[in-house]
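Try each task first, then compare your steps with the solution.

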Amino acid sequence: MNLIGEHRLSLGVCYYPEHWQEDEWEKDLQRMLENGIRTVRIAEFAWNRIEPEEGVFDYSFFDRFLDVAEKAGMQVIFCTPTATPPAWLTKKYPEVLNATMEGVVYQHGFRRHYNYNSPKYQELSRRIVGRIAAHYASRPCIVGWQIDNEFNCEVAEFYSDCDVAAFREFLKKKYGTLDALNKAWGTVFWNQTYTAWDEVDVPRATPTGRVNPHRKLDFYRFISDSACRFAKIQSDILRRYVKKGDFITTNGIFGNLDSHRMTEESLDFMMYDSYPNFSYCHGLYHKEDPTKDRNWSKHLSEVRSISPLFGIMEQQSGANGSMEMMAPVPRPGQMTLWTMQSIAHGADFVSYFRWRTATMGTEMYWHGILDYSGRDNRRLAEVKEISEKLDCMKGVAGSRYEAKVAVLRDYDNSWNGQADVWQRKLDETSIWGLFQACQYTHTPYDYVYIDHCGKKELDPYQVVFYPHGAILTKERAEILRHYVEQGGTLVLGCRTAFKDIHGICVTDPLPGLLRELAGVDIPEYTVVAPDTGVVKAKWGDTELDTMLFNDQLTAVDGAEVAAEYTDGYYRGAGALVCNHAGEGSVYYYGSVFTADVAQIFLEKLGAAEPYAKMIEAPEEVEVAVRGCLFVLNYSGEEKVITLHQKLRNVYTGKEETGAQTLSGYETRVYES
């Protein structure tokens, strides 16, 4: 049975039978079922249990566990174990190991220490995946398969000798000749021209740490390509064996990886690992996230851009921590809050990490539902309550998240930003500002990746923001033109369309390919100097605080200057230009979208508070519609919402209207 889109929300849990005595398995599974858990994920780190030495296979351990699962009536997601190769493999074949930028080879003892491009690792991975699938895929209890675990987690750059060889082949296929490569990378600068393919290397340590940015952009594309090809190797094998209706997925979205491509090529849908308390993790983050657990709604929107319906493979259920970081246990109600957060954004299946906290190893402080003793506790009781709530939510599973605002992203600009501090700072500020503004004005939004969409995919959105699309192609410019001419409202930010696909700055008047559509000319631009502070601009009667960067704009071809800078040496220059094209409009804003600025745009363009006639809520409460109306209180204090029409509380079955008080971390789900 497919867990996604089957018109029933369901719960699961990550379970590690190799960590516990076999006589505990049956009791554990029975307790899970009694508390509403119907699915377990197993085996993602258990290669050695199946192949204890090279070429010697023993399937008996998981055969015994699957026998217990089938007897209990528990569904199973089986994982390929390639995230953690066994010691015998890395000792005998050190070429499978990844290395640092300086060439220091990683050693056995953690996880994700392999590289995707080792021919030997690909060979041995094919064999273990094929053997596992051939032996276990027919088992009735298995409903799906997870490939590897968290591609590019912990390590998202690869510098082994195998990667060097694969990178050269990647570039040969892409460019064909060294002349084309040299042109794309601008190697005439600083005498970097290549005259033989064996001179081309992955980025290496340099005196200042700086690397040719065009080379680095292709390196990130290569890493993504390598991970996608490795996933497809496994998916192609699994497809030969899986039962009809069983799914293939993987978990997490991480850096330097085109997760859209990987899903399109290899998966039925994406799963995500949601740990909202990361904002408290000392040693991982340097300061508290001001939105704390609410920030995960932004991450879930990213997942939804890949799979409109998805699953959560690891949902936080205990304190997340390791030997290097620490965070608090979920407070009463937060497990429910985070589960409903995931479901509101598109999850049909939520699996908690983990059933019982490990007593040993790197993650012995990464707590699960149960603590070390395994006895009943508050968190297990809350899981049961969540399960009962899900049983009442009949209209949610299989439904889509509703949004009329979109924020455009693409992988080229994401990867370019890693090598370009000018773009990175702008992107981070605007993505964060748009998220905050949409959250605080209760304006649901989608991320849409323009490099993975067609002309018509933007049509349903009332307003589309493309904050700082530095790299732009003719194909993507045409998507934007179509959207506007069909009646859409496109909002662009500074530093748009000034690079080509290789990351080389264009010589056309800015904003390059969008100059005509936006009706803008940019004769000058500047980083806002620290001693300048905030530069003011005026949009009608509204004052805008422009920060970080200012494009100084001139309207052309019938466009109008809607806002001017009122500070600085460029006082009177355009800060915002509006142009009409076809049935729609384009707004080019010469700065970044802080939360305050983004909120002004949402309000002036009529996109804010789309459910205001239905509900009024304070800023601390998220409002989302997915089959039902979700109301999520992220505050530990009571908050009052006002329902402007009668709605049925799905949890209680009672109709409610008017002022309603939500306790700290409380959620409500309503039907009209």
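**Exercise 1.** In which sense do strand β14 and strand β17 pair, and over how many bridges?

*Solution.* Before starting, note that this is a predicted model, where local features need pLDDT of at least 70 and side-chain atom pairs count only at pLDDT 80 or more, while totals for chains, interfaces and linings use all residues. Residues are numbered from 1 along each chain as its sequence is written, and side-chain values use heavy atoms, with hydrogens and water left out.

Step 1: recall the terms. Helices (H or I, at least four residues) and strands (E, at least two) are DSSP runs numbered from the N terminus, and two strands pair if DSSP finds at least two bridges between them.

Step 2: β14 (residues 535-539) and β17 (residues 560-565) run antiparallel, joined over three bridges. A537 has Y565 of β17 as its bridge partner.

Step 3: follow β17 onward. β17 also pairs with β18 (residues 574-581), again in the antiparallel sense, over four bridges. Here E564 stands opposite G574 in β18.

**Exercise 2.** Find how many aromatic pairs there are, then classify the pair F247 and F269.

*Solution.* Step 1: apply the rule. Rings of Phe, Tyr and Trp (its six-membered ring) pair if their centres lie within 6.5 Å; planes under 30 degrees apart count as stacked, over 60 as edge-to-face and the rest as tilted. The count is 48 aromatic pairs.

Step 1: the ring centres of F247 and F269 are 5.0 Å apart and the planes meet at 45°, so this pair is tilted.

Step 2: F247 belongs to strand β5 (residues 247-249) and F269 to the loop between α9 (259-266) and β6 (271-274), so the pair ties together parts that are 22 residues apart in sequence. Both F247 and F269 are buried (under 20% relative accessible area; exposed is over 50%, partly exposed in between, with a 1.4 Å probe and protein chains only).

**Exercise 3.** Which ring does R49 lie over, and at what distance from the ring centre?

*Solution.* Step 1: a charge sits over a ring if NZ of Lys or CZ of Arg is within 6 Å of the ring centre and within 35 degrees of the ring normal.

Step 1: R49 lies over the face of F61, 4.3 Å from the ring centre. F61 also belongs to an aromatic cluster whose members include Y15, W25 and F57.

Step 2: a further case is R495, which lies over the face of F498 at 3.8 Å from the ring centre.

**Exercise 4.** Locate the backbone features at A43, D148, R354 and P511.

*Solution.* Step 1: recall the background. Most residues other than glycine have a negative phi, and most peptide bonds are trans.

Step 1: check phi. A43 has a positive phi near 80° and sits in the loop between β2 (37-42) and α2 (47-50). A43 is buried, its relative accessible area being 2%. D148 has a positive phi near 55°, in the loop between β4 (142-146) and α6 (161-175). D148 is buried, with a relative accessible area of 0%.

Step 2: check omega. The bond from F353 to R354 is cis, with omega near -15°, and R354 is in the loop between β8 (347-353) and α12 (378-392). The bond from L510 to P511 is cis too, with omega near 5°; P511 lies in the loop between β12 (489-492) and α16 (515-518).
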